[in-house]
Each structure stands twice: as structure tokens, then as C-alpha cells.
Amino acid sequence: FAVSAVLFSMSFDTVPPTHYGLLQNRFTGYVDTDNVYNPGRYFVTLGHGFIRFPRMRVMVQFSDTTTVAGTTRKAHMTSPPIKARTGPDPTDVSGESGGQPLSLSVAFQYRFDYDQIPYVYQMFGVMWETSFVRFARQAISNVAQRYTPMEFWTDRTNIEKAIQAELADALLHQGHALVDDLQLMRIDFSDKYEEIILSVQLQEQLKTTKRYNMTVTRLLKEVDIRAAETEATIMRVNAEAAAESSVIQNVARMKALEFEQETKAHAYRRLADGLGWSADQFISYLRIKALSAQPRENMVVKVDPLGNPA
């Protein structure tokens, strides 16, 4: 009875919650690829067991570290960074550039669809990850050759997208797996080339700084010119206003004088007419009036022999 109980218990096997399973006959090695098992505990009979395939996302990382970038969690599989080469640099006037060697640190996550598990086993057995690493290295190297060295500095986001698209296509058609995400974590050129790039970037920064300084100087000069023009305009407006004010005042004085003379003339006419004076008499009146207005101590009057003013 005890033996039967042990044999009966050995007739069960489990598929963990994070896996799929294919049932294998451990005696003959035959694997049933017609049925894919979901997580659970199954009665499989003695000598049978499950080959497990990941149901969740699996992290593969090409890096010098074994932990996922930015975390302390270890990647499922870690491989050294990918050695690749960029495309030629069209700005290299020496004509010697056939691309620059570089090292790419990349992480990606793949997963299996339920109905693709039989194809994965038939193609790779249980060694699919070795092939996936090879596919990934080739796909990423192919993408690297499409871009110039400078584009790895200036267009990193699009390069990352291109790598993910290329890798997703490769794993889908060659490995029956789906790539859900990819991170281009690090790009390393040779030390010599990075020094050249830094020098070029420094020169570009200096040119930009000089251009900004020239712009500031030009703007300050324009401000000075505008200020001078404004000052000249103010002076011109003030001068025009002063001239116009003087004209207005002179015209007003002239009109006042004319009005005063007209008033006096009218009054004198009325006086002469009222007294019945002749023109000579009226002139004599005006002369006497003028003399009366002068200071007496300094006044000398010429008279004729009869005592009349000459």
C-alpha cells in the first residue's frame, strides 16, 4: 500500500502560475506538442512530467552588470554588451571613416503566446534563450550600421525604436516570441572617438556662445540707436512746439495791438468829431498830450514868437 501511495503521488506534476507546460514522457522522451497546459496541478501518470515555458515577461540584458538598470533585481539572463559598428560618417573629409566601433548595452523583455509554445519547443527544445541572444545580437548590429556615429548622440530615441522594431520582427519570425519593450541603456564609443566628439561639441558650444554674445551686443547697439532716435524725436517735437507757441504768441500780440490801435483810432475819431476839430487841431492835441506824458524836468519845448509849440 505504501509503495502504491508513493507511485500514485509521483503521478502528479504542476505547472507554476508563471508558466505554461508541455507534457513529456520521461521514459521515451516523447513530448506531447498538441496540448499546452496552463498553470495548475495535473494527474499525468507515472513517468510523465512538464517542460515549463515562461508565461510572464522575461528580461534579457546585454550589459556588464547582472542587475536590471536602476534596480537591484537581477535580469533573467545577462550577456556582455553587444559589439557593433556604426555606418560611415558622411562628414568625415578624410574619407577613411567606415563607421566607428561601439558597445551597446540593451535590455529587452519577451514573452510567449499560448499557441506558440509547441513551435518554440519543436524549433529550440529547451534551449531557446541561447538562440534568442544570437538573434538579438544580429538584429541590433544590423540596426547600428544604419546610423552614423553622430546620430547615436543626437537621435538616440529613434535608434532605440528602430532596434526594438528590428528585434521584434526577428524574434517573431525566427523565435515565435513577442518583444514587448526594449531599453537602449548605454552607448560606448572608443575613448579616442569620444574625446573627438567632446572636442567637437565643445567647439560647437563656443560658437553658439559667441553667436549669442554677438546677438546681445547687436541688441544693445540697437537699443542705443533707438534711444538716440527717441531723444532726437523728443527734441524735434519740443522745438516745433516752442516755435509754434512763439508764432501763436506773436500773432496774438499783433492782433491785440491791432485791436488796441483800432480802438484808439475809433475813440480819437469820435473825440475829434464831437469837438469839431480839424485835422491840424487834432494833431496839435495829440502833440500836447504826448508832451504832457514826458517828465517835466527834462523836457525842452520849442515855441514860436507867439508862445505856441513849434
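This is a predicted model: local features need pLDDT of at least 70, side-chain atom pairs count only at pLDDT 80 or more; totals for chains, interfaces and linings use all residues.
**Entry 1: the cores**

I began with the largest nonpolar core and found 46 residues in it. The residues with the most contacts inside this core are F53, L104, F108, Y110, F112, F132 and F152. Helix α3, residues 128-144, gives the largest share of this core, with 9 residues. Another core lies apart from it and has 5 residues, including V15, L23, Y37 and V44.

I then picked F108 and listed its neighbours, leaving out residues up to four places away in sequence. F108 touches V58, M59, V60, F62, A136, L167, L171, D181, L182 and Q183.

**Entry 2: α3 against α5**

Next I looked up how α3 sits against helix α5, which covers residues 156-175. Their axes come within 9 Å and cross at roughly 140°. An angle over 145 degrees would count as roughly antiparallel, so I noted α3 as oblique to α5. The crossing is right-handed.

For the contact itself, I wrote down F132, F135, A136, A139, I140, N142 and V143 on the α3 side. On the α5 side they meet I159, A162, I163, E166, L167, A170, L171, Q174 and G175. I sorted the residues of this contact into 12 nonpolar, 3 polar and 1 charged.

**Entry 3: D188**

My last stop was D188, in strand β10, residues 178-189. Is D188 buried, partly exposed or exposed? Its relative accessibility is 22%, so I put it down as partly exposed.

D188 touches P101, L102, S103 and E194, again not counting residues up to four places away in sequence. D188 and L102 are 86 residues apart along the chain, yet 5.5 Å separates their C-alpha atoms.

How values were computed
Residues are numbered from 1 along each chain as its sequence is written. Side-chain values use heavy atoms; hydrogens and water are left out. A nonpolar core is a set of buried Ala, Val, Leu, Ile, Met, Phe, Trp, Tyr and Cys residues joined through side-chain atoms within 4.5 Å. Buried means under 20% relative accessible area, exposed over 50%, partly exposed in between (1.4 Å probe, protein chains only). Helices (H or I, at least four residues) and strands (E, at least two) are DSSP runs, numbered from the N terminus. Contact means heavy atoms within 4.5 Å. Axes are lines fitted to C-alpha atoms, for helices over the stretch in contact, and angles run from 0 to 180 degrees between N-to-C directions. Angles under 35 degrees count as roughly parallel, over 145 as roughly antiparallel, 65 to 115 as roughly perpendicular and the rest as oblique. A crossing is left-handed if the near helix is turned anticlockwise from the far one by less than a right angle, and right-handed if clockwise. Ala, Val, Leu, Ile, Met, Phe, Trp, Tyr, Cys and Pro count as nonpolar, Asp, Glu, Lys and Arg as charged, and the others, Gly among them, as polar.
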